[in-house]
Amino acid sequence: MRYLAPSILAADFSKLGDEAVCITNAGADFLHIDVMDGHFVPNISFGAVVMKSLNSIATSPYDVHLMIENPDRYIDDFITEKTEFIVVHQEACIHLHRTVSHIKSLGIKAGVSINPATPVESITEILPFVDLVLIMSVNPGFGGQKFISHTLNKVRKLRVLRENMELDFLIEMDGGITEFNLEDVLNAGVDMVVAGSAIFKDSSDATLNQVKKFKEIMNNE
Ligand code: DX5
Ligand code: ZN
């Protein structure tokens, strides 16, 4: 099973509710929630208040990507009935096992993410404890950046590790994914695809079409 998680960072925030409902109706499996603090990454996006504004709307479950320093301080704010995954960065956590354990103790699936320059080997010891690993295919901080294809090697490595260690975490990839490189991403072994600027377009019809196009490619692979 493969999942599509459009990043609402690329949505029109003046009509965020409509945008979220549009991609949900078109078949998005998750809403990818990009939280940026201006410290861990050089950009500020939005926090739990904006995410929670979607709670009463019928949307897909949340895949929360915390690109923030000291995520332990804020994890509890992101717990809602719709929160399925909370993903923290290896680079931002001094006590990664403690952070992952805390997320799981709240009944939420835990994920760990690594930046393009961070090796897969840096997370080997945490793999038995996580439900998802997010391989960044751009340097986090902005939507619309160019895909770094070298990061596909890390997906392949991770698949081997998963098999050898007899684990079943999902492999997610985020950044610069379009309908044109999606096949490469899937062939490398990605289970969960994040896409922002390639999904959200000027009209809701065009956005709906992009979700359908992605899902079609994902179902064919
Ligand atoms: C990057 C974010 C991504 C980004 C994806 O820091 O984590 O989720 O919004 O956007 P695109 O698909 O435009 O690269
Ligand atoms: Zn993200």
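This is a predicted model: local features need pLDDT of at least 70, side-chain atom pairs count only at pLDDT 80 or more; totals for chains, interfaces and linings use all residues.
Residues are numbered from 1 along each chain as its sequence is written, and side-chain values use heavy atoms, leaving out hydrogens and water.

**Exercise 1.** Find which residues coordinate the zinc ion (ligand 2), and name the geometry of the site.

*Solution.* 
- Step 1: Look for donors, meaning N, O and S atoms within 2.8 Å of the metal (3.2 Å for Na, K and Ca). His32 (NE2), Asp34 (OD), His65 (ND1) and Asp174 (OD) turn up, at 2.1 to 2.3 Å.
- Step 2: Check the angles. The six donor atoms span 69 to 170°, and the site is octahedral (six donors, opposite ones over 155 degrees apart and all others between 65 and 115).
- Step 3: Read the spacing along the chain, which is H-x1-D-x30-H-x108-D. Histidine 32 sits in strand β2 and aspartate 174 in strand β7 (residues 170-174), so this pair ties together parts 142 residues apart in sequence. Strands here are DSSP runs (E, at least two residues), numbered from the N terminus.

**Exercise 2.** Work out which residues lie nearest the centre of the largest pocket.

*Solution.* 
- Step 1: A pocket is an open set of points on a 1 Å grid where a 1.4 Å probe fits, with protein on both sides within 12 Å along at least five of seven lines; lining residues have an atom within 4 Å of a point.
- Step 2: The lining has 25 residues, and Phe142, Gly143, Gly144, Asp174 and Gly175 lie nearest the centre.

Definitions and conventions:
Chains are lettered from A and ligands numbered from 1 in the order in which they are written. Four donors count as tetrahedral if all angles lie between 85 and 135 degrees; four count as square planar and six as octahedral if opposite donors are over 155 degrees apart and all others between 65 and 115; anything else is irregular. Helices (H or I, at least four residues) and strands (E, at least two) are DSSP runs, numbered from the N terminus.
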